[in-house]
Structure formats: C-alpha cells, structure tokens
Amino acid sequence: MLHGGGETTDATVLIIMYFVFNATDFPSEDYYDYIIVGAGGVPYGKPNLMTQEGFLTTLMEVDAFDSPAQAFTSEDGVPNARGRVLGGSSAINAGFYSRADQEFYGRSGVNWDLRVVNQSYEWVEKAIVFRPELKNWQSAVRDGLLEAGVDPYNGFTLDHSVGTKIGGSTFDSSGRRHSAADLLSYAKASNIQVAVYASVERILLFSSSPYSGSKQSAIGVVFRDQRGRYHHAMVREKGEVILCAGALGSPQLLLLSGIGPRLTSSLGSPQLLLLSGIGPRLTSHRGEFLWLNTCLMSDSSFTITPEMAYGISIVPPMPLEHSLIQVVGISNSGAYLEAASNVIPFASPARSVFIRNPASPLYLTVATLMENITGATLCRFTPVGIYGCQD
C-alpha cells in the first residue's frame with residue numbers, strides 16, 4: 001500500500017505503527033496481492049492538524065517537503081492545496097461529509113452496484129463521520145437559508161437533498177479530526193504494509209499481444225524513496241493495482257504512465273493506452289483570499305470588494321466561535337451554499353509610514369459565506385474553507 005503518511009487519532013496511530021514503514025526499508029522489488037496508490041509523502045503531520053482551530057494554520061504554514069498541505073498553482077493561475085499526509089486531503093479539509101447526488105450514478109456511465117456503494121458509505125461513516133453540534137454562526141446560517149427560501153429543511157442527513165440540511169462532519173464532539181487514515185484501523189496488521197515517503201512515478205502495463213490495440217493490464221508500479229532510489233512493486237497473479245490518489249493525483253499518474261488522450265512528448269511517456277476521458281474535464285475554482293475580500297459591517301449595511309467570485313467574508317461586530325462547514329443549502333440547480341467562521345490574524349502593512357506596527361497582530365473573527373457552483377470537480381481553496389466535492 002503506497003501512501004504518503006499522515007495524521008490521525010492517537011489510538012489509530014498506535015495501530016498503524018505496526019505496519020507503516022519508510023519506503024527506504026522496502027526491497028528494490030517485491031510482490032503483493034493488491035497495490036493501492038494514494039495520499040502523499042509525509043508520515044505524520046503537526047498537532048494542530050487535528051483540530052478545527054488549527055485548520056487555517058495547517059493551510060498557511062506550508063513548505064516544499066514536509067508540511068501536511070502542499071500548495072500549488074494550476075496552469076491557469078488558480079492557487080490551491082492538497083494533502084500529502086496519510087489520509088490525503090481528508091486530513092486537511094474542512095471536514096464536511098455528504099453522500100453523492102443520486103443523479104451522479106446515472107450520469108457517470110458506470111454500472112454501479114448501489115448495494116455495495118451503500119455498504120461502503122456505511123463502512124466509512126461508522127469510522128469517521130459524526131453529527132456536528134451547531135453553535136451561533138452555523139445556526140444563523142441555517143435560519144437564514146430557510147428564510148431565503150432554500151426549502152425544505154431536511155435536518156441532519158448524510159444524503160444529498162435539495163433544501164437546507166446539516167451534513168456530517170469528520171470532527172468529533174471534542175473537535176478532533178478524523179480522516180481516511182482512520183480506516184486503516186480496520187486493517188489486519190499482519191497482512192498489510194504501508195510505505196511512506198514513497199513517490200509513485202508510473203504504473204507498469206503489460207500486453208499479452210504485440211499487436212496495437214490489444215488489452216493492457218496493470219502489473220505493478222515504480223516508486224522512489226527519499227534517497228532517490230527506485231523500487232518496483234509488482235502484483236501477483238490475479239492481483240490488482242488500485243489507484244486512489246485523488247482528483248489531481250490519479251489522472252496525473254495515468255498521464256505520466258502513458259494512459260490518456262493524445263499526449264505530448266513533454267510528458268516523457270510513450271502513448272500506451274488511448275483514453276480520451278482522462279484529465280480534460282477537471283475544473284478549478286478561483287481562490288479567494290480573505291484579506292482581499294474582507295467586508296466591513298455596520299448595523300444595516302456592508303461593503304463588498306469587486307474581486308470576490310465565490311465568497312463573502314464579513315468581520316462581524318461580535319466574536320464568533322470556530323466553525324467549519326456544517327450547514328449547507330442545495331438549490332434545484334445543484335449549487336451549494338455554505339459558511340464558516342474563523343479567527344484570522346490581521347496586521348498593518350510592513351514599513352508603513354502612517355501606521356505604527358503593533359507588537360503582535362490583531363486577531364479578528366471572520367465569517368464567510370461561500371457558493372460552490374454546479375459542475376465543479378475539484379476542491380476550492382480559501383483560507384476559510386477547503387473541502388471535497390462529491391460530483
């Protein structure tokens with residue numbers, strides 16, 4: 001199992017410590033029944049990764065190698081972030097959980113076994129999904145959505161339902177985060193190996209016939225460890241390579257392995273399998289940074305800067321508690337309306353002539369309303385919310 005590494009609960013850490021190894025400890029070639037590719041390259045994150053209060057710090061304190069969040073900018077200039085700890089982006093996001101829209105299964109073109117799908121949902125939800133406790137801001141958002149006509153009120157539900165609802169949270173009642181890494185607690189320690197600091201370079205394909213167009217099968221992967229040494233993880237007879245590296249990592253690895261639409265030579269891989277649906281439908285949201293869209297609110301009005309595309313950020317006249325995505329309004333067109341509140345450090349510009357810099361930044365509560373446009377398939381990043389989209 002080729003994961004990046006990650007942060008999870010203390011009990012789960014104790015369990016997975018028995019089968020998590022540095023990639024440098026793996027042989028140059030070994031064989032497995034199943035090879036699962038996913039997550040990033042860092043074994044454990046910082047303590048604040050596990051709390052709602054540490055959400056912003058985790059996203060803002062990034063480095064080139066070991067931070068839980070990996071910052072990047074897309075080719076069209078959109079800033080974003082993804083998780084590179086065990087658990088992937090479920091270890092750094094806003095913790096909102098909802099099942100997919102039922103229409104998604106029909107539109108996907110895949111012949112889903114919905115019985116297995118629902119069993120899988122329940123398997124995940126039992127381990128990492130909780131009912132959130134609404135406080136001031138999230139309660140106000142719920143009431144405001146209903147007053148604005150985002151009906152009906154569906155209460156707490158994990159299903160995708162038009163109207164206003166309270167969704168699931170991967171933060172438990174104590175405010176501690178749970179992530180996909182917690183699912184490793186289901187594993188049998190004697191029957192699994194997890195390689196951290198492992199960077200998968202490509203999928204290895206094999207064709208039983210030399211003729212063009214013959215069936216290709218995945219027989220393993222090539223990965224590098226921290227020291228730059230290459231390793232081959234191969235599957236045994238009837239084994240499988242399972243790719244679950246996220247909305248960015250999965251198509252990226254397929255393209256680098258020569259699987260996808262017509263490729264250019266810049267990718268450095270020969271075209272092994274022509275699949276036109278790999279990669280081109282990814283859609284990214286414009287990142288809206290809080291300090292660019294801050295609204296100043298009075299008793300009856302507030303001002304919005306013109307840069308905003310997907311969010312309204314408000315400095316309210318009274319402090320609010322930390323809250324991430326808990327309440328959503330879903331329109332008939334499929335758009336999501338969501339909200340969060342966080343404490344943000346503000347400081348005057350460096351070397352200001354007119355304003356003396358304070359000894360420490362001023363911390364203000366900021367409340368944000370966000371919209372997720374129908375049809376997006378990636379995550380949206382703002383300092384107050386990064387979360388996964390179901391469809």
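Predicted model: local features only at pLDDT ≥ 70, side-chain atom pairs only at ≥ 80, totals over all residues.
The structure has seven salt bridges, and Asp 182 is buried yet takes part in none.

**Asp 182 and its surroundings**
- Asp 182 is buried without a salt bridge, and the nearest side chain of opposite charge, Arg 176, is 7.5 Å away.
- What Asp 182 does have is a polar contact, side chain to side chain, with His 178 at 3.0 Å.

**Salt bridges**
- One of the seven salt bridges pairs Asp 33 with Arg 236, with 3.5 Å between the closest N and O atoms.
- Asp 33 belongs to strand β2 (residues 29-37) and Arg 236 to strand β12, so this pair ties together parts that are 203 residues apart in sequence.
- Asp 33 is partly exposed at a relative accessible area of 43%, and Arg 236 is partly exposed with a value of 43% too.
- Arg 84 and Asp 63 form another salt bridge through their side chains, at 3.4 Å from N to O.
- This pair links distant parts of the chain, 21 residues apart: Arg 84 is in the loop between β4 (79-83) and β5 (96-97), and Asp 63 is in the loop between α2 (55-60) and β3 (69-73).
- Arg 84 is buried, with a relative accessible area of 7%, whereas Asp 63 counts as partly exposed at 38%.
- Arg 224 and Glu 201 also meet in a salt bridge, at 3.0 Å from N to O.

**A buried histidine**
- His 160 is in the loop between β6 and β7 (163-166).
- Its relative accessible area is 18%, so His 160 counts as buried.
- The His 160 side chain makes a polar contact of 3.2 Å with the side chain of Tyr 336.

- Asp 151 and Pro 152 are joined by a cis peptide bond, with omega at about -5 degrees.
- Pro 152 sits in the loop between α5 (136-147) and β6 (153-156).
- Tyr 197 isn't a glycine, but it has a positive phi of about 55 degrees, and its place is the loop between β9 and β10 (199-207).
- Lys 238 is another non-glycine with a positive phi, about 70 degrees.
- Lys 238 lies within strand β12 (residues 230-243) and is exposed, with a relative accessible area of 77%.

**Nonpolar patch**
- Val 110, Trp 112 and Leu 114 make up a nonpolar surface patch of about 260 Å².
- Val 110 is in the loop between α3 (102-107) and α4 (114-128), and it is partly exposed at 46% relative accessibility.

**Record annotation**
- An unreviewed UniProt entry places the feature "domain: Glucose-methanol-choline oxidoreductase N-terminal" at residues 246-260 and 265-279.
- In the model, residues 246-260 are 73% helix and 13% strand, and their end C-alpha atoms are 16 Å apart.

Key: Residues numbered from 1 in each chain as written. Heavy atoms only, no water. Patch = residues over 30% accessible without salt bridge, like charges linked within 9 Å, V, L, I, M, F, W, Y side chains within 5 Å. Areas by Shrake-Rupley, 256 points an atom, 1.4 Å probe, with all protein chains shown as cover. Salt bridge = Lys/Arg side-chain N within 4 Å of Asp/Glu carboxyl O. Helix = DSSP H or I, 4+ residues; strand = E, 2+ residues; numbered from the N terminus. Buried < 20%, exposed > 50% of the residue type's maximum accessible area, 1.4 Å probe, protein only. UniProt positions renumbered as here; feature names shortened; annotations may be inferred. Lys, Arg positive; Asp, Glu negative; His and termini not counted. Polar contact = N/O pair within 3.5 Å; in protein donor to acceptor, adjacent residues only side chain to side chain.
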